[in-house]
Number of protein chains: 2
Amino acid sequence: MLLLRGREAVMRHFRPLLRAHGLSEQQWRILRALSAVDAIEVTELAHDAFLLGPSLSRILRDLETRKLLARKTAREDQRRSMVSITPKGLKLIETVGPFSEAIYAEIARRYGGTQLGELQDLLRALDDSLSAMPVRHAAGAVDSDADSGSTSRGKRRPVKRRAVQGGR
Amino acid sequence: MLLLRGREAVMRHFRPLLRAHGLSEQQWRILRALSAVDAIEVTELAHDAFLLGPSLSRILRDLETRKLLARKTAREDQRRSMVSITPKGLKLIETVGPFSEAIYAEIARRYGGTQLGELQDLLRALDDSLSAMPVRHAAGAVDSDADSGSTSRGKRRPVKRRAVQGGR
DNA sequence: CCGGATCATTTAACATGTTAATCAGTTCGC
DNA sequence: GCGAACTGATTAACATGTTAAATGATCCGG
């Protein structure tokens, strides 16, 4: 909960800037990630921008339409699609970047550089600790009621398919 | 970004448990908040569970249908709606709670109680620092292109209505 | 009173999060 | 080579996030 509140407290200061340039946080993360490389696969980009495939897929479609990035399928493996930022996208980054950095600097100034560094260290350590921790699968949970509602989660009708993925 | 990753690292361990009992994170936060009070107004609940009104409104509708909570409009002010948890909701909390606490304890054990405490302190301090910081409104941004896309944000057509709300 | 302002909540509309399913391209065993 | 299995990306379906608008109730100044 504190993590959620902390993130919101930070983003509250960046959102107006991004919004004024027609960007969402996610779109900004994508363009930033792209600006650091020449070209990148979609899966790798999803990792870098911390987005799930479906979200990324939709946003790429939009940003491609807006000509902020370009895609071309890799020649050696036609499943892969290589994404790269366009000059127009780069220009946008260069326009917004300084303002973003100014906000970041102001946050660091208010919060204190030392604390900010400590916080980052602790967050990285948290990530490391928990990535090594196995996820418990809640065996034996009963869930006697999850289907009595009208729009609750987990209500998709099970399609009764085998768990394997072959047979497309 | 680190805040986002940190939160995801934590929630990854809770989600399977909640899911097995037919609950989303948000629904869990709502029930937890309700279990701590007798009855509460929607706006106050939104604050406690850190949700925006519209999200809360939808989820309340669902949880009410599932009989995990109940609503009744306040007699002194019919705009206000008082929300309270039902016995069924309480029972669910009591069922899931111990497992949730076990997961939390395991996280604390792996990460270290001292670090966890420090992290919490730093997050609270961050929240405090930034809540006192004014939000800059990005005056002068040009946004020459935000409307060239097909599904980008901020593209709702302005309805050209007066800003006042009277006249019903 | 009464009509405009304000307040609490919900609805609307669209973007994103999330899981499952689909689709197309590739790999591998035979 | 060919078909089953696998992989990368997208689509589908639904929940939630987010901003604006609508709705109904209360307040308040004349």
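Does A:Asp77 count as buried or exposed, and at what relative accessibility — what puts it there? At 14% relative accessibility, A:Asp77 counts as buried (buried is under 20% relative accessible area, exposed over 50%, partly exposed in between, with a 1.4 Å probe and protein chains only).Is A:Asp77 buried or exposed? With 14% relative accessibility, A:Asp77 counts as buried (buried means under 20% relative accessible area, exposed over 50%, partly exposed in between, using a 1.4 Å probe and protein chains only). Its salt-bridge partner is A:Arg79, at 2.8 Å from N to O, and A:Arg79 counts as exposed because its relative accessibility is 71%.

The model is predicted, so local features need pLDDT of at least 70 and side-chain atom pairs pLDDT 80 or more, while totals for chains, interfaces and linings use all residues. Residues are numbered from 1 along each chain as written, chains are lettered from A and ligands numbered from 1 in written order, and side-chain values use heavy atoms, without hydrogens or water.

Over all chains there are 24 salt bridges, each a side-chain nitrogen of Lys or Arg within 4 Å of a carboxyl oxygen of Asp or Glu. One of them links A:Asp62 to A:Arg66, with the closest N and O atoms 3.5 Å apart; both residues are buried. Another joins A:Arg109 and A:Glu106 at 3.2 Å. These two sit about one helical turn apart, because they are three residues apart in helix 5 (residues 87-111) of chain A (helices are DSSP runs of H or I, at least four residues, numbered from the N terminus). A:Arg109 is exposed at 58%, whereas A:Glu106 is partly exposed at 24%. Elsewhere, shared partners tie A:Arg7, A:Glu8, A:Arg15 and A:Glu25 into one network.
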